[in-house]
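Here's a walk through one chain, feature by feature. Keep the viewer open and follow along.

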Amino acid sequence: MPDPNGSHDPYVRVRGAREHNLQGVDVDIPRDVLAVFTGVSGSGKSSLAFGTIYAEAQRRYFESVAPYARRLIHQVGAPKVGEITGLPPAVSLEQRRSAPTSRSSVGTVTNLSNSLRMLFSRAGDYPPGAERLDSDSFSPNTAAGACPECHGLGRVHRTTEQSLVPDPSLSIREGAIAAWPGAWQGKNLRDILDALGYDVDRPWRELPAEQREWILFTDEQPVVTVHPVRDADRIQRPYQGTYMSARRYVLKTFADSKSQTLRAKAEGFLVSAPCPVCGGSRLRPEALAVTFAGRTIADFAALPLTELAASLVARGETARFLTDDLKSRIVPIVELGLGYLSLDRATPTLSAGELQRLRLATQLRSGLFGVVYVLDEPSAGLHPADTEALLTVLARLKAAGNSVFVVEHQLDVMRGADWLVDVGPLAGEHGGRVLHSGPVEQLAEVAESATARFLFDRSPVVKREVRPGRGWLTVGPVDRHNLRGVTAEFPLGVFTAVTGVSGSGKSTLVGEITQEREGVGRLVSVDQKPIGRTPRSNLATYTGLFDVVRKVFAGTDEARERGYGVGRFSFNVAGGRCETCQGEGFVSVELLFLPSTYAPCPDCGGARYNPATLEVTYRERNIAQVLDLTVESAADFFADTPAVARSLATLLDVGLGYLRLGQPATELSGGEAQRIKLASELQRVRRGHTLYLLDEPTTGLHPADVEVLMRQLHGLVDAGHTVIVVEHDMSVVADADWVIDLGPGGGNAGGRIVAAGTPEHVAGVEGSATAPYLARALTSGT
């Protein structure tokens, strides 16, 4: 066996990994392979791949950087691990979002915009006599290229009479100018207009046009003496009032107000429209005057990448060199099923899966070798038809001399791996062990593995009887994004799956379902957005569980004797919390030349509360110890407290028994956040029909967790409600009552309904990208 400390050891060897729930894990993973880390949600696979292996590679890299430079880099802390040998440098491609701005786009993420700008600068067709422009002049994100009117954003925010005065039948005294502030300030502006001689009691629509224009849009700020109408109970003296038009008030509030509420209200009166100068192209006229193959750079940026590549017809050596480079960069993006995206598509509108695959495609061009790529569910949001292309791309990364470590739940990706690391057997404290590390087929021998059952079980699928609908919900015609006059009919009272390749228009169609539509009743949209953005928000606070727990503690004899109310047991307000850490439980420790690290609070030791509060106990546990219980343990602890038990039961029902009550929202995955929202909804007493809308609810879920989630969703349908999911998991689609398949392709090649009917019907439709995979799932379940 090779020396573990030798430079040619072909294995990454992890010893004593204890990050999060890992139980002193020892594991050897070969280099230069595609290795998949899998296991049920919360089992510890991400803690091993990202929290241990990647974190240690990053730590070693930072140690090699000059001390001064270390202060300029965001650094991750050292993982809890004995040692790791044979570890090359690592590159992480996670689903976690940065905070992209409206200036960030597909073009900037992939660097394709740089190449396109260079093409126009060096090989574009310029107007006669025009100077050749630098490549920066073709960028909306530079002063040299940005349109001076909209500053390169392509849109301007303006006010209109319709937005400021939604009901012109009202008079100014009756509140016609909805954009004005409330209370005294609004009355003040009305009195000033009255003093200026305007009729504030006449219906708005009957006022002369020039008066309406001045009242709403003038930049003048006249000062006038106001004589308020006397109230019977008080004397009001005359005062000098300054007039401000409705537009000026809205723009000033939107730009300067520190109040998020006031800014949001002001934004509601603004109308966003394409910039009148650049027409939404974001660029100066000089840049738009340059063309290539008869198109401007804005025209190229708006094309789907597949069309863009086909339009790059070069004349001359320079143009050929630059177009060949562009085409070669586009190929891996199209291979990963993202050919429907355009360069000007804003990054905030992309899903986490799309963003990760764009970064993956960019890495293929980087030319790196000898590194470990650590990927977080690259198949997220991918239709099964695109999974084969993903495996091809991963194989190319491996062939270039790299190791590819992938955290993944998709069975086809597991089957395509060279090595499988299965973590489990269950979640949280019942997981954290490596059950198998070896070739995929050998997992079949591991009895404890939850993955093995789904990977190797070939028993026939048990057919469920399709439920009949109770009427129809008609949506459309929809003309948005790539949907052109599409009308869809969703049966009510059943489980409907909306399918189609990435970019086919699924989310756009489902996004048109609103509570106002006939037949909807109550609408509940359950997404994967975080339940909170700070550690103060946690599982217990979001579900309302914490309110009940605090009441339980406030109701103890000890608390009553001391005069402690419910607020005493909150870590968010002064009184019961530890003031050293302000109820956070930890403090930031600044270390010169080393990463800032978080350490448990020296006074409360991470408990969040002050000693006096922690002296109050309920069944021999204080409030901090209760927050540290898992949902599973808490269910036993509060078994005879109905209000708490009901909340905990719904969390157990959606497979979240391994989470701690006080687990910060920042530590939860998108899938966990979605299931917490679903659990919060399930514990409510429902009256009347509810329509539940879920966009890819199985993202981030192991097949065993998908089973648990589907039981809950089908239970909602059995209770008389309607469930509509956008989904790529064919086992979920096969178990639906109705399927609406969009396509046949993405972007301009999609946007229409290819098939609609029962899963068996859709599985037999020719021309559907979903049909062959759905047919396989109906027979084998995978």
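## Helix H26, end to end

Let's start with helix H26, residues 670-682. Helices (H or I, at least four residues) and strands (E, at least two) are DSSP runs, numbered from the N terminus.

Before going further, note that this is a predicted model: local features need pLDDT of at least 70, side-chain atom pairs count only at pLDDT 80 or more, and totals for chains, interfaces and linings use all residues. Residues are numbered from 1 along each chain as its sequence is written, and side-chain values use heavy atoms, with hydrogens and water left out.

How many of the 13 residues of H26 are buried? The count is 12, so H26 is largely enclosed by the rest of the structure. Buried means under 20% relative accessible area, exposed means over 50%, and partly exposed is in between (1.4 Å probe, protein chains only). The buried set runs through Gly 671, Glu 672, Ala 673, Gln 674, Arg 675, Ile 676, Lys 677, Leu 678, Ala 679, Ser 680, Glu 681 and Leu 682.

As for the packing partners, the buried residues of H26 sit against strands S17 (522-526) and S20 (690-695), along with helices H19 (539-543), H25 (642-653) and H27 (703-718).

## Helix H20, another covered helix

Helix H20 (residues 545-554) is mostly covered too, with 7 of its 10 residues buried. Those are Leu 545, Phe 546, Val 549, Arg 550, Val 552, Phe 553 and Ala 554. They pack against H19, H21, helix H23 (623-627) and H25.

## The chain as a whole

Zooming out, the chain has 30 helices and 23 strands. For 782 residues, a compact globule would have a radius of gyration near 28 Å, and the chain has 30 Å, which agrees. That radius is taken over C-alpha atoms, and the globule rule is 2.2 Å times the number of residues to the power 0.38. Along the principal axes, the C-alpha atoms fill a box of roughly 95 × 90 × 70 Å.

Of the 782 residues, 51% count as buried. The chain exposes about 35,500 Å², with carbon and sulfur atoms supplying 51% of that area; accessible areas come from the Shrake-Rupley method with a 1.4 Å probe, and for residues only the protein chains shown count as cover. Among contacts (heavy atoms within 4.5 Å) between residues at least 6 apart in sequence, 66% join residues at least 24 apart.

Two cis peptide bonds are worth a click. One runs from Gly 424 to Pro 425, with omega near 5°, and Pro 425 is in the loop between strands S12 (419-424) and S13 (433-438). Another joins Gly 743 and Pro 744, with omega about 0°; Pro 744 is in the loop between strands S22 (738-743) and S23 (752-757).

Then there's positive phi outside glycine. His 481 has a phi of about 50° and is in the loop between strands S14 (472-480) and S15 (483-491). At 55% relative accessibility, His 481 counts as exposed. Gln 582 has phi near 55°, lies in the loop between helix H21 (557-562) and strand S18 (586-589), and is partly exposed at 35% relative accessible area.

Is Ser 502 buried or exposed? Ser 502 is buried, with a relative accessible area of 6%, in the loop between strand S16 (495-499) and helix H18 (506-510). Leaving aside neighbours within four places in sequence, its contacts include Tyr 340, Arg 357, His 383, Asp 386 and His 728.

Glu 632, in helix H24 (residues 631-637), is partly exposed at 36%. With the neighbours within four places in sequence set aside, Glu 632 is in contact with His 430, Leu 652 and Gly 657. Val 223, in strand S7 (residues 223-226), is exposed at 53%. Its C-alpha atom is separated by 65 Å from that of Ser 47, 176 residues apart along the chain.
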